[in-house]
Amino acid sequence: MDFLLGNPFSSPVGQRIEKATDGSLQSEDWALNMEICDIINETEEGPRDAVRAVKKRIVGNKNFHEVMLALTVLETCVKNCGHRFHVLVASQDFVESVLVRTILPKNNPPTIVHDKVLNLIQSWADAFRSSPDLTGVVAVYEDLRRKGLEFPMTDLDMLSPIHTPQRPCPSQEHHQDRTRWALTPVSEGTPASTLPLCPPRPYSRATRP
């Protein structure tokens, strides 16, 4: 019933998501993407407002450049935001009504969008498999596989792990460090000397059979 709540782009985080996914952008605005993550983490209504704005930008949008920007914002938020946001985007309803709907044949998505969506579903399913309240995406992933959908070949060991942020160290340039992390996602095996001073804490990932 999102239509009862007004324009999804009118909230503080919605305004920034609208700007970060504007089709006139030539590339991602990483500073703005990280600001979006900060609002999600630091405000009570941030997670739900962000989900509404991302959904508004993706669903039914034939400007696939905007869709790709929105998928990047979504991916960045999952990697930098906490459990309150994860519960919303890992739900079966969101994955089916936003992500899967986008790649239905009738929408004729380009390959880059199709593969991006499948990569997100696959990586979230792997990361959240052991969290009971985040397994909606796992159910969708397994259902799509049973139906014969082929996911892009991906070495899951090389994927950036899902992270949740810690509070910033008072004496450090927190925003600068997090922006650098967003541009160069942390992967398992990265030398500790190259990580931000306040690195996000990785979830443990279940090994997919």
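Is Cys37 buried or exposed? Cys37 counts as buried, at 0% relative accessibility. Keep in mind as you read on that this is a predicted model.

**Cysteines**

A disulfide is a covalent bond between the sulfur atoms of two cysteines. Here the cut-off for such a pair of sulfur atoms is within 2.5 Å, and by this rule the structure has zero disulfides. The closest cysteine sulfur to that of Cys37 belongs to Cys77, and at 4.0 Å it is too far for a bond. Cys81 is also worth a look: its relative accessible area is 0%, so Cys81 is buried. The table puts the sulfur distances side by side.

| Cysteine | Closest cysteine sulfur | Sulfur distance |
|---|---|---|
| Cys37 | Cys77 | 4.0 Å |
| Cys81 | Cys37 | 4.2 Å |

**Aromatic rings**

What about aromatic contacts? The structure holds one aromatic pair. Its partners are Tyr141 and Phe151, arranged edge-to-face with 4.8 Å centre to centre and 70 degrees between the planes. Tyr141 sits in helix α8 (residues 136-146) and Phe151 in the loop between α8 and β1 (163-164), so the pair ties together parts that are ten residues apart in sequence.

**Helix α7**

Finally, have a look at helix α7, which runs over residues 111-128. From the first C-alpha to the last, its 18 residues reach 26 Å, close to the 26 Å expected at 1.5 Å a residue. Helix α7 is mostly covered, with 13 of its 18 residues buried.

Notes:
Residues numbered from 1 in each chain as written. Predicted model: local features only at pLDDT ≥ 70, side-chain atom pairs only at ≥ 80, totals over all residues. Heavy atoms only, no water. Phe/Tyr/Trp six-rings, centres within 6.5 Å; stacked < 30°, edge-to-face > 60°. Helix = DSSP H or I, 4+ residues; strand = E, 2+ residues; numbered from the N terminus. Expected span 1.5 Å × (residues − 1). Buried < 20%, exposed > 50% of the residue type's maximum accessible area, 1.4 Å probe, protein only.
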